[in-house]
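Open the model in your viewer and switch to a cartoon view. We will go stop by stop, selecting as we go.

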Amino acid sequence: MAQPPREPAVAGLLLAAGGGRRLGGRPKALLEHRGRPLVEHAVRVLREGGCGPVHVVLGAAADRVRKEADLSGCVLVDNPEWEEGMSSSLRAGLESLATTAADAALVSLVDQPGIGAAAVARVRAAYRSRDSIAAAAYRGERGHPVLFGAHRWKDIAASAVGDRGARAYLKAHESSLVLIECGDIAEAYDIDTAEDLAHLE
């Protein structure tokens with residue numbers, strides 16, 4: 001009898017290295033949300049959305065995050081170059097996944113608590129092959145999370161610079177990019193400034 005096709009392995013890649021410069025230097029991973037560090041909430045969202053394993057890229061206050069947040073079961077990736085911006089974290093995270101059996105990485109940001117498991121699951125479901133590339137959209141505007149098939153990781157890492165992450169790569173591959181509307185189930189705000197802290201619960 002033929003073996004049934006295996007379920008694709010879509011890893012969660014959480015970028016949680018930011019130092020919260022506009023928040024007076026409070027590391028975003030440790031902002032409190034529902035009584036626990038924000039990074040715990042973000043990991044749970046990835047898991048409930050069907051991603052595994054979950055790799056978490058740490059940077060600012062990495063030792064404190066390890067001590068204060070329960071990240072058991074996650075692969076923790078240190079990014080000593082986190083101050084260079086999001087791209088350094090994306091590169092570190094993709095590199096950490098390169099030796100795993102993951103078919104794709106679903107990339108999310110720690111400072112977007114309005115994006116829950118339903119949006120993660122919706123974007124994850126866009127996986128078709130190791131060449132897949134998909135992103136959540138909010139009223140037609142591309143946002144997070146973003147799904148990258150494993151065949152694309154090397155080129156994405158090579159093109160990622162500064163705080164722009166995979167933006168240049170996504171723009172160059174717009175014709176292949178599948179946008180998944182999530183505006184009905186998620187809100188894509190960032191926690192960047194003191195005013196944004198009102199979004200935390």
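How many helices and how many strands does the chain have? Count along the cartoon: there are six helices and nine strands. Keep in mind that this is a predicted model.

**Stop 1: the whole chain**

The C-alpha trace spans about 55 × 35 × 30 Å along its principal axes. A compact globule of 201 residues would have a radius of gyration near 17 Å, and the chain agrees with that because its own value is 16 Å.

Buried residues make up 52% of the 201 residues. Look at contacts too, taking pairs of residues at least 6 apart in sequence. Of these contacts, 70% join residues at least 24 apart.

**Stop 2: helix α1**

Select residues 38–48, which form α1. Is this helix mostly covered or mostly uncovered? It is mostly covered, with eight of its 11 residues buried. The buried ones are L38, V39, E40, H41, A42, V43, V45 and L46.

H41 counts as buried because its relative accessibility is 9%, and the cut-off for buried is under 20%. Show its surroundings. Leaving out residues up to four places away in sequence, H41 touches H33, R34 and P113.

Step over to R34, one of those partners. R34 is found in the loop between β2 (32–33) and β3 (36–37). Its phi is near 55 degrees, a positive value in a residue other than glycine.

**Stop 3: a cis bond and a loop**

Go on to G52 and P53. A cis peptide bond joins them, with omega about -5 degrees. P53 sits in the loop between α1 and β4 (54–58).

Next, select A61, in the loop between β4 and α2 (62–68). A61 is not a glycine, yet it has a positive phi of about 50 degrees. At 32% relative accessibility, A61 counts as partly exposed.

**Stop 4: the cavity**

Now look inside. The structure holds one cavity of 30 Å³ or more. The largest cavity has a volume of about 90 Å³.

Which residues line the largest cavity? Select H41, A42, V45, S108, L109, V110, Q112, P113, I115, V120, H144 and P145. At least two residues each come from α1, β6 (104–109) and β8 (141–149). Colour the lining by class: eight residues are nonpolar, four are polar and none is charged.

Click on Q112, in the loop between β6 and α4 (117–124). Is Q112 buried or exposed? Q112 counts as buried, because its relative accessibility is 9%. Setting aside neighbours within four places in sequence, Q112 is in contact with H144, A188, Y189 and D190.

Follow that contact to H144. A cis peptide bond joins H144 and P145, with omega about 0 degrees. P145 belongs to strand β8.

**Stop 5: the largest pocket**

Move to the largest pocket, with a volume of about 1000 Å³. It is lined by 37 residues, and the closest to its centre are K28, M86, L109, D111 and D163. Select those five to centre your view.

Which element gives the largest share of this lining? It is β8, with six residues. At least two residues each come from β1 (10–16), α3 (86–97), β6, β8 and α6 (167–172). By class, the pocket lining has 16 nonpolar, nine polar and 12 charged residues.

**Last stop: R167**

Finish on R167, in helix α6. R167 counts as partly exposed because its relative accessibility is 39%.

Key: Residues numbered from 1 in each chain as written. Predicted model: local features only at pLDDT ≥ 70, side-chain atom pairs only at ≥ 80, totals over all residues. Heavy atoms only, no water. 1 Å grid on protein atoms, 1.4 Å probe; cavity = no way out; pocket = protein on both sides within 12 Å on 5 of 7 lines; lining within 4 Å. Points joined across faces, edges and corners; volume = space filled by probe spheres on them. Helix = DSSP H or I, 4+ residues; strand = E, 2+ residues; numbered from the N terminus. Nonpolar A, V, L, I, M, F, W, Y, C, P; charged D, E, K, R; others polar. Rg over C-alpha atoms; globule rule 2.2 N^0.38 Å. Buried < 20%, exposed > 50% of the residue type's maximum accessible area, 1.4 Å probe, protein only. Contact = heavy atoms within 4.5 Å.
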